[in-house]
Amino acid sequence: MQPDRSYQLNKKILDLFTSGSEELGVDLSDIQIQKFSKFVFYLRKWNKIHNLTAISDAQEIITNHLLDSLSVNKYLNGEKIIDVGTGPGFPGLPLALIFPKKAFVLLDSSQKKTIFLNQIKTHLSIENIRIIKARVESYQTEDRFDHIISRAFSSVEKMVNFTQHLLRENGSFLAMKGHISESELSQLPKQYKVTNKHKVIVPMLNKNRHILEIKLKK
């Protein structure tokens, strides 16, 4: 499969992305790099009209969205993951591209964002994602997930309360956060506990980033 040069990011930005991915333990194939390039192309194109994200610069999309999304890769041990409040696909879509054998559900209440994601699914031929338009607190399914992941919730208490019906036994919440507030963590439902707090260094992103693993107490 020959790379489609019309979507190619410039070499400087591509090099930043591939080196940043390597720092996070992600070794990208040429086909994956091509798909990430297309994703950035379409995100910027749609963003001019539909305002999908406040970040429009290609390099900032790489650091603030793609590499930040990939920073959780080593904590995805399960096979079924739901990304709640995915927006234009973060972190679920980048993770689906590097884990083609895992199954991802990308859930968001915004029609324009879910339409965009369905277009991306088609353009990039991504077979391991399902896109759902729904409010997370009202989404009902018989599926239960190994991981519930989000960058979008204002508090871990809301994340857990709104989505706990989707978590399988022994599954985990993965909350991607900036600053960690102990007062925020104290609001967790009493049957849950933070099992791990990971400080994450995202290449070229000068921001505090943490990943909280939350599980049901045994």
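Biologist: Where is P91 found?

Modeller: P91 is in the loop between β1 (80-84) and α4. Helices (H or I, at least four residues) and strands (E, at least two) are DSSP runs, numbered from the N terminus. This is a predicted model, in which local features need pLDDT of at least 70, side-chain atom pairs count only at pLDDT 80 or more, and totals for chains, interfaces and linings use all residues. Residues are numbered from 1 along each chain as its sequence is written, and side-chain values use heavy atoms, leaving out hydrogens and water.

Biologist: Is the peptide bond from F90 to P91 cis or trans?

Modeller: The bond from F90 to P91 is cis, and its omega is near 5°. Most peptide bonds are trans.

Biologist: Which residues make the contact of α2 and α3?

Modeller: From α2 there are F36, F39, V40, L43 and R44, and from α3 there are A58, I61, I62, L66 and L70. Contact means heavy atoms within 4.5 Å.

Biologist: How do the residues of the contact of α2 with α3 divide?

Modeller: They come out as nine nonpolar, no polar and one charged. Ala, Val, Leu, Ile, Met, Phe, Trp, Tyr, Cys and Pro count as nonpolar, Asp, Glu, Lys and Arg as charged, and the others, Gly among them, as polar.

Biologist: Are α1 and α3 roughly parallel or roughly antiparallel?

Modeller: Helix α1 (residues 11-23) and helix α3 (residues 58-70) have axes that cross at roughly 15° and come within 10 Å, so the two helices are roughly parallel. K12, I13, L16, F17, G20 and S21 of α1 meet A58, Q59, I62, L66, L67 and L70 of α3. By class, this contact of α1 with α3 has eight nonpolar, three polar and one charged residue.

Biologist: What about α2 and α5, how do the axes cross?

Modeller: The axes of α2 and helix α5 (residues 111-123) cross at roughly 150° and come within 11 Å. Therefore α2 and α5 are roughly antiparallel. On the α2 side of the contact are K38, F39, Y42, L43, W46 and H50, while α5 brings K112, I115, F116, Q119, I120 and H123. The contact of α2 with α5 divides into seven nonpolar, three polar and two charged residues.

Biologist: Changing topic. How much space lies in the largest pocket?

Modeller: The largest pocket holds about 220 Å³. On a 1 Å grid over the protein atoms alone, a cavity is a set of points where a 1.4 Å probe fits but cannot get out, and a pocket is an open set with protein on both sides within 12 Å along at least five of seven lines; lining residues have an atom within 4 Å of a point. Points are joined across faces, edges and corners, and a volume is the space filled by probe spheres set on them.

Biologist: Which strand gives the most to the lining of the largest pocket?

Modeller: β5 does, with five residues. β5 (167-177), β6 (192-200) and β7 (209-216) each supply at least two residues of that lining. Among the lining residues are R168, E169, Y192 and K215. By class, the lining of the largest pocket has three nonpolar, three polar and six charged residues.

Biologist: And what lines the second largest pocket?

Modeller: The second largest pocket, with about 160 Å³ of space, is lined by residues including I31, Q32, K35, A96 and L97. α2 provides the largest share of this lining, three residues.

Biologist: How many cavities of 30 Å³ or more are there?

Modeller: The count is one. About 40 Å³ of space lies in the largest cavity. β5 gives the most to the lining of this cavity, with three residues, and M159, A175, M176 and K177 are among the lining residues.

Notes
Axes are lines fitted to C-alpha atoms, for helices over the stretch in contact, and angles run from 0 to 180 degrees between N-to-C directions. Angles under 35 degrees count as roughly parallel, over 145 as roughly antiparallel, 65 to 115 as roughly perpendicular and the rest as oblique.
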